[in-house]
Structure formats: C-alpha cells, structure tokens
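Good morning, colleagues. Please turn to the sequence and the structure, which I shall now put on the screen.

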Amino acid sequence: MNKKLAAALSGGSVLLMALSGCSGDDSDSKVNDWAKKVCDQVQPQLTKIANANTSIQQATSDSSKPADVQKTDAAAFQSISDAYKALGAAVDGAGAPPVDDGEKTQKEAVSELNATSKAYAGLKSDVDDLDTKDQAKFADGLKGVADDLDKLSASGDEALQKLQSGDVGAAMAKQPGCQRPKTSAPAESGSGGSAADPSADTSS
C-alpha cells in the first residue's frame, strides 16, 4: 500500500544528493569557500531526508495499520519540509556564489527550495486528512499522495541544476557535506539511483 509512495520519495529526494557522483577540476578558492559554507549546513538536512525516506520504506508492509502508516508518512513529510526550508536558508545565508549571474542563480535556488518545502508541508496535510478507518479509501488516498509526489519530483529542478553546474557544482561535489549520506534504507526501492531521475522505479 505504501510502496508506491516510498518509490516516489526515493526517486525524488533532494537533487543535491546527486552531487556525490560529480567531480571537477580545482575551482577558484572563493567558489570553494562558498561551497563549504553551504555544504557544512547541507549534510544534516540530507540525513534528515534520507531518514524520512527510510521510515516510509519501513512502513510499506501490507499488514501495516492505516493509522500507523498515516503517522509515519505525515512525520516524514514534515521532516522533509523542514529540511528543504533549512536548505533554502543555507543557500540564502551563504550569499551569492562568486560566479557569473551568481546572485540570480542563488535567489532562484532559494525560491525553489522554499517552494518545495511548502509542497511537502501540503503533502503532510493531505496525509493527515486521509480516512484511516476505511482501508480501501485510505489506500486510494495514499495513491493520490504518491501521484502528487511524483509530480513534485518531476518539476522545479531547473534552478538547483543551474546552481550545481559549472565551477560551483564542481566545488560543492568535493565537499563532504554535500555527499549522499549513508543510511540503512532497503536497496529494493531504487534509492541508489540518481536523485535527479524521479521517474525511476515508481511502480509498486
């Protein structure tokens, strides 16, 4: 019942996680300093999102009670919402990266992260409103939430992709704080794929 939701979440987690596969030449020291300022605050948020993903995956059993699934999923979405808000604050607080159009790139990325935070808060509200007394209605409602998550995962990555391109992206990729955190998440969900590919493994 919750497997489609877990697959959608693992496919659409923070785009910043995709940085772990990047590498680049040594960038200007100012760019490296900016990347460190951001990435030092990123790691706790990536871990928070990964843990939320894991909690949803662990609630995928068909024998799980709707009320338990609701509680787990709502808490996970709230945690992800908080994480995205913190990521937006981290990018905002670091100032504009020292590259061409840095200020514009930064502002667009912050706006995108904040919008994503609000979207996950909306998903949390949707889960809270599900009818846990009727198993069939709950399953249908959960499917709707997963579909909304798919749409969220597939949209609005342009500014973050731009932020993570060129010298800034190469500098961020080298920072330990921007690496994909290690979790005990089940491998079967497809969470090992690129976070930038939300279409992967969304079938239940």
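**Covalent and aromatic contacts**

I begin with the sulfur atoms of Cys39 and Cys178, which lie 2.1 Å apart, the two residues forming a disulfide. Please bear in mind throughout that this is a predicted model. The count of disulfides comes to one. Where in the chain do Cys39 and Cys178 lie? Cys39 belongs to helix α2, residues 29–58, whereas Cys178 is found in the segment after α7, which itself covers 166–173. The two cysteines are 139 residues apart, and the pair thus links distant parts of the chain.

As to geometry, the angle about the S-S bond is -90°, and the link of Cys39 and Cys178 is left-handed. Are these cysteines buried or exposed? Cys39 has a relative accessible area of 0% and is buried. For Cys178 the relative accessible area is likewise 0%, under the 20% cut-off, so this residue is buried.

I remain with helix α2 for a moment, for Ala52 is also placed there. Its relative accessible area is 5%, and because buried means under 20%, Ala52 counts as buried. Between Ala52 and Ala75 there are 23 residues in sequence, and the distance from C-alpha to C-alpha is 7.9 Å.

I turn next to the aromatic rings. The count of aromatic pairs comes to two. In one of them, the ring centres of Phe77 and Tyr120 are 6.0 Å apart and the planes stand at 35°, so this pair is tilted. Phe77 lies in helix α3, residues 66–93, and Tyr120 in helix α4, residues 102–128. Phe77 is buried at 0% relative accessibility, and Tyr120 is buried at 1%.

Tyr120 also pairs with Tyr84, and here the ring centres are 5.5 Å apart. Why is this pair called stacked? The planes of Tyr84 and Tyr120 are at 10°, and planes under 30 degrees apart count as stacked. This pair, too, links distant parts of the chain, from Tyr84 in helix α3 to Tyr120 in helix α4, 36 residues apart. Tyr84 and Tyr120 are both buried.

Taken together, the ring pairs join Phe77, Tyr84 and Tyr120 into a cluster. To close, I return to the two kinds of link discussed: the disulfide of Cys39 and Cys178, and the ring pairs that bring Phe77, Tyr84 and Tyr120 into a cluster. Thank you for your attention.

Conventions:
Residues are numbered from 1 along each chain as its sequence is written. This is a predicted model: local features need pLDDT of at least 70, side-chain atom pairs count only at pLDDT 80 or more; totals for chains, interfaces and linings use all residues. Side-chain values use heavy atoms; hydrogens and water are left out. A disulfide is a pair of cysteine sulfur atoms within 2.5 Å. Helices (H or I, at least four residues) and strands (E, at least two) are DSSP runs, numbered from the N terminus. Buried means under 20% relative accessible area, exposed over 50%, partly exposed in between (1.4 Å probe, protein chains only). Rings of Phe, Tyr and Trp (its six-membered ring) pair if their centres lie within 6.5 Å; planes under 30 degrees apart count as stacked, over 60 as edge-to-face and the rest as tilted.
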